[in-house]
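Visitor: I am new to this structure and would like a close look at a single part of it. Please take me slowly through the place where the ligand is held.

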Amino acid sequence: MTVKLPDNVDMIIKALHSAGYEAYVVGGCTRDSIMGLKPDDWDITTSALPRQVKEVFSSYHIIETGIKHGTVTVIADGMPVEITTYRIDGEYTDNRHPNEVRFTRTLREDLSRRDFTINAICFSSEEGITDKFGGISDIQKKCVRCIGEPSERFNEDALRILRALRFASVLEFEIEEKTAEAIHIHRALLKNIAVERISAEFNKLLVGNGVGDILRKYRDVFAVFIPEIEPMFDFDQRNYHHYLDVWEHTVKVVENSDANKSSRLAALFHDIGKPATFALDENGVGHFKGHAKQSEITARKILNRLRCDGATISEVCTLVLHHDDDITPRRPLLKRWLGRYGETGLRRLIDLKRADNLAQSEEWRDRLTTLAECEKIIDEIIAEGECFSLKTLAVNGRDLMALGIPSGERIGKVLNELLSAVLDGKLENEKDALLKYAEKLK
Ligand code: ATP
Ligand code: MG
């Protein structure tokens, strides 16, 4: 077994060796390489102290931001490579930050402070693989296992709870029994973790291929930082459209939806307003009038609390609010929706509606054909470069001002009327025709 190192990483390791220090790549890059995946970045662990690392690479551009934790970043061939001195974490008293970081000369000590066996494998071209905690065997078994005693490790740093779930989701691994048990037991420790760190792990977890399994098995963990999901658990919909309770349905929609952050968040929250809007009719059938609006309100609250960025919040909330709207395969209407949601937005809305429909009772999956027809028409509109927004209309505000239409509100109104006529197919998107029509509207 070997790891193919980029030239600059190999050079850095060799330079440290020549200066008499130990050095290896470690962590995600080794794990991903062994799994045949392409690593995002390369981390190096070394016996050299930060000042010694700086000496070895004195002729390179160096970034010192992580130096307190023993990390020196060297820019080699334009690429930043993090070099971290072997360290042991001191006491943890608040379930997150070690009180001190101590450097050590032994690799084993450095590896034993790492979170999971699969993240503690090292490699160098000279020595090959060093695997002191059975990481390779766990990769082969597709297993996330804590190094050491899981309860202790989660008590030291509770973010590891969410990291375990993230690796299981992204790599499609199972979580080893004792590790899993400790995750459930210690889940409340996540309350001590900064919300930004939780969000970062949670977002990665959501786009993993194994997300469904994790949401099912560890819903109690997610409810620690999103308690609003709890009413969905086991909530019987009592409606013939549905064969699953609200949470199981939600999980399936997440699994079925496109693997991007906004789509997955929208899928997770699309029905969160259902329990609050539930009502039974005289036949004992459940209805959820206004649930999309309620879901949107709750989703916005949660996403703000999780410090999600504004663009994502707005995209997710639009998807949630409109997930139940009828989208029909009619060209003028689809152009209007394209204008309103943008191409990506509309495609994601259709994707969400498909994911939703696929998670409903089989006899109600007829909407899938309609959605596919919509997508075909959208493809045509885009391929033909047809106009669907003011941006692509063949006249602009200045053209209308030249006709003597007063600037401001009136111009906006005329532009929108022109666009509307184009979308309805009454007018070509062609300058002369549009100007002539605008004259009449004047
Ligand atoms: P990826 O970069 O793909 O997200 P990674 O495993 O490289 O995954 P990083 O967050 O980049 O994860 O961390 C690098 C390495 O540092 C990990 O592989 C692990 O060995 C160690 N590590 C990171 N966070 C922790 C933690 N909270 N507790 C213990 N070890 C950690
Ligand atoms: Mg990494």
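Visitor: Which residue has a side-chain N or O atom 2.9 Å from a nitrogen atom of ligand 1?

Guide: That residue is Asp157, and the pair is a polar contact (N or O atoms within 3.5 Å). The model is predicted, with local features needing pLDDT of at least 70 and side-chain atom pairs pLDDT 80 or more, while totals for chains, interfaces and linings use all residues. Residues are numbered from 1 along each chain as its sequence is written, chains are lettered from A and ligands numbered from 1 in the order written, and side-chain values use heavy atoms, without hydrogens and water. The backbone takes part as well: a nitrogen atom of ligand 1 lies 3.2 Å from a backbone N or O atom of Asp115, and an oxygen atom of ligand 1 is 3.0 Å from a polar backbone atom of Asn119. Around ligand 1 there are 14 residues, counted when a heavy atom lies within 4 Å, and the closest include Arg31 and Arg166. By type, the shell holds ten charged residues, three polar and one nonpolar, where Asp, Glu, Lys and Arg count as charged, Ala, Val, Leu, Ile, Met, Phe, Trp, Tyr, Cys and Pro as nonpolar, and the others as polar.

Key: A polar contact is a pair of N or O atoms within 3.5 Å; within protein, one must be able to donate a hydrogen and the other to accept it, and residues adjacent in sequence count only if both atoms are side-chain atoms.
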